[in-house]
Amino acid sequence: TVERIEVLSGPASVLYGQGALGGAVNVVSKTPSFADTVFDAQTSYGSQATKHLAAGIGGPISDKIAYRIDASWRASDGYVQRGDSRSYAISGAIEFRPSEAFSIRLRNDYGNSRPTEYFGTPLINGVLDDRNQGVNYNVADASLYFRDNRSLLTIDWHPSEAVTVVNTAYRLSTRRFFKNLESYAFNAVVGL
């Protein structure tokens, strides 16, 4: 669902506000194309049985309307017991461009993520014990998930070569659920 990721290092506060003193990351989503219909697909398989599938298609519907639809799915067994994770994302956009100087784009992005329910291994006397590698100390009935839905309406107007007006309205709804144990300690008295 992403066209490119731009990283602006260093103080970027003059461009992106006070919170960007260390830099800024701009994730640019794929947009509808008026040129040609384009189909993209990707698949991969890696360690810990990590699987990824993604596909997208977009192009013109007419000379004034174009679309883009993308979907992505990822799953992994993880590197610790009960360390599996999975996620999927779906996005779609439609753009109306009645002239070269004016366009309206409506976009919706939905993501559902169940990350690994693992928050580390306790140290024993300040050292990682090899017997603890791969052990998940989180509670057995841990549950962690994020569901996000973001809608955007963007108006882009170029009344002259010297003036550009862009306005984007957002709506974000999210559900974040955490049921887990995020902090562990070794008890030297009982050896657990």
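Start with the second largest pocket: 13 residues line it, and V27, S29, R105, L152 and T154 are the ones nearest its centre. A pocket here is an open set of points on a 1 Å grid over the protein atoms alone, where a 1.4 Å probe fits and protein lies on both sides within 12 Å along at least five of seven lines; lining residues have an atom within 4 Å of a point. Before going on, note that this is a predicted model, where local features need pLDDT of at least 70 and side-chain atom pairs count only at pLDDT 80 or more, while totals for chains, interfaces and linings use all residues. Residues are numbered from 1 along each chain as its sequence is written, and side-chain values use heavy atoms, with hydrogens and water left out.

The second largest pocket has a volume of about 430 Å³, a volume being the space filled by probe spheres set on the grid points, which are joined across faces, edges and corners. Strands β2, β7, β8 and β9 each bring at least two residues to its lining, and β2 gives the most, with four. Strands are DSSP runs of E, at least two residues long, numbered from the N terminus. Sorted by class, the lining comes out as five nonpolar, five polar and three charged residues. For that count, Ala, Val, Leu, Ile, Met, Phe, Trp, Tyr, Cys and Pro are nonpolar, Asp, Glu, Lys and Arg are charged, and the others, Gly among them, are polar.

Now turn to the largest pocket, at about 640 Å³. Its lining takes in 33 residues, with T1, V2, S72, A89 and I90 nearest the centre. Among the elements that give two or more residues to this lining are β3 (38–46), β5 (65–76) and β6 (85–99). The top contributor is β7, with six residues. By class, the lining holds 13 nonpolar, eleven polar and nine charged residues.

Strand β1 supplies the largest share, three residues. V25, for its part, sits in β2 and is exposed, at 59% relative accessible area (buried means under 20%, exposed over 50%, partly exposed in between).

Then there are the salt bridges, twelve of them, each a side-chain nitrogen of Lys or Arg within 4 Å of a carboxyl oxygen of Asp or Glu. R105, from the second pocket's lining, pairs with E95, with the closest N and O atoms 3.1 Å apart. R105 is in β7 and E95 in β6, so the pair ties together parts ten residues apart in sequence. R105 is partly exposed at 23%, whereas E95 is buried at 2%.

D141 and K179 form another salt bridge, at 3.2 Å. Here the loop between β7 and β8 holds D141 and strand β9 holds K179, so parts 38 residues apart are tied together. D148 and R176 meet at 3.0 Å, N to O, linking β8 to β9 across 28 residues. Finally, salt bridges with shared partners join K30, D40, R68 and D70 into one network.

Key:
Buried means under 20% relative accessible area, exposed over 50%, partly exposed in between (1.4 Å probe, protein chains only).
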